[in-house]
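Reader: I'm new to looking at protein models. Could you walk me through this one, a feature at a time?

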Amino acid sequence: MRFLPSQQAVPPANPRPGPQLTPEMQELLNQLKDIQEPAPIGWWPPAPGWWITAGIVISLVVAAALVIMRLRQIQHRKLYRTEGARLVNAVDTAAPRAVEEINTLLKRVAVVTFGRRRCAALTGRGWVDFLQETGQQPMPDTAARALTESLYTSLSPAESDVTALQQYAVEWVRSHRADTEAQPLRTASAVNPGGDREEASSV
């Protein structure tokens, strides 16, 4: 095989000698340090996104706690209504003192809700008017007759009148309007002084 002249190997040129370092330059080079890498990023303080997420979670927890407390307050406020309606329903309308028992329960609930000064002394037509003003529906004539004519007389009311009074009393206890309501546990015990608190709470 024949090589052309241009393809002949060229002998390497003599490498140039490096610059001669003076002692001062060598000393400066010795003072140079390695490249300092940045420190790794720590978990604290968190990024703004984590702060926002934590704020949202805390807000949701606080809102849920407030809602639960509010629902418990509403439940407690309704406790005396439930207990009062249960007691009125338990009255035997055929008993001779049924009207008196129903009226006593109505008066207890009214005193708990509106205060003794406002309604404790009401009797007769004034008491009926008070019940109608604070109730959600008018009182049937039969129920009013049982209260006004049979309560303080020796007349025995018709059982249908007592039944109408009982039904109206249950509805009034459940749905009467209240401007202010006292403490729930206190009110439930006031409606049923001899009752068991646990029994009232479970109703």
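Author: Let's go from the overall layout to the core, then to helix pairs and a few single residues. First, this is a predicted model, where local features need pLDDT of at least 70 and side-chain atom pairs count only at pLDDT 80 or more, while totals for chains, interfaces and linings use all residues. Residues are numbered from 1 along each chain as its sequence is written, and side-chain values use heavy atoms, with hydrogens and water left out.

Reader: How many helices and strands are there in the protein chain?

Author: Helices (H or I, at least four residues) and strands (E, at least two) are DSSP runs, numbered from the N terminus. Here you get nine helices and zero strands.

Reader: What share of the 203 residues is buried?

Author: Buried means under 20% relative accessible area, exposed over 50%, and partly exposed in between, using a 1.4 Å probe and protein chains only. In this chain, buried residues make up 27% of the 203. As for contacts (heavy atoms within 4.5 Å), take those between residues at least 6 apart in sequence: 69% of them join residues at least 24 apart.

Reader: Which residues have the most contacts inside the largest nonpolar core?

Author: The general idea is that in soluble globular proteins, nonpolar side chains tend to be buried together. A nonpolar core is a set of buried Ala, Val, Leu, Ile, Met, Phe, Trp, Tyr and Cys residues joined through side-chain atoms within 4.5 Å. The largest one here has 34 residues, and Leu-131, Leu-147 and Trp-172 have the most contacts inside it. At least two core residues come from each of H2 (48–89), H3 (98–114), H5 (124–134), H6 (141–149) and H7 (159–175). H3 gives the largest share, 10 residues. If you click on Leu-131, look for Leu-106, Met-139, Leu-147, Tyr-168 and Trp-172, which it touches once residues up to four places away in sequence are set aside.

Reader: Leu-131 sits in H5, then. Which residues of H5 are buried?

Author: A handy rule: an α-helix has 3.6 residues a turn, so residues three or four places apart point the same way. In H5, the buried ones are Trp-127, Val-128, Phe-130, Leu-131 and Thr-134. They lie on the same side of H5, because they cover an arc of only 160 degrees around the axis (the arc is that of the directions from the helix axis to the C-beta atoms). These buried residues pack against H3, H4 (116–119), H6 and H7.

Reader: At what angle do H6 and H7 pack?

Author: Axes are lines fitted to C-alpha atoms, for helices over the stretch in contact, and angles run from 0 to 180 degrees between N-to-C directions. Under 35 degrees counts as roughly parallel, over 145 as roughly antiparallel, 65 to 115 as roughly perpendicular and the rest as oblique. H6 and H7 pack at about 100 degrees, with axes 7 Å apart, and are therefore roughly perpendicular.

Reader: And how do H2 and H7 cross?

Author: Their axes come within 8 Å and cross at roughly 175 degrees. That makes H2 roughly antiparallel to H7. For residue classes, Ala, Val, Leu, Ile, Met, Phe, Trp, Tyr, Cys and Pro count as nonpolar, Asp, Glu, Lys and Arg as charged, and the others, Gly among them, as polar. The contact of H2 with H7 has five nonpolar, four polar and two charged residues.

Now H2 and H3: these axes come within 10 Å and cross at roughly 170 degrees. H2 is roughly antiparallel to H3 as well. Their contact has seven nonpolar, two polar and no charged residues.

Reader: Is Asp-161 buried or exposed?

Author: Asp-161, in H7, counts as buried at 7% relative accessibility. Leaving aside neighbours within four places in sequence, Asp-161 contacts Thr-142, Ala-143, Arg-145 and Ala-146. Lys-107, found in H3, is buried too, with a relative accessible area of 15%.

Reader: Last one: which peptide bond is cis?

Author: Most peptide bonds are trans. The bond from Trp-44 to Pro-45 is cis, with omega near 0 degrees. You'll find Pro-45 in the loop between H1 (23–31) and H2.
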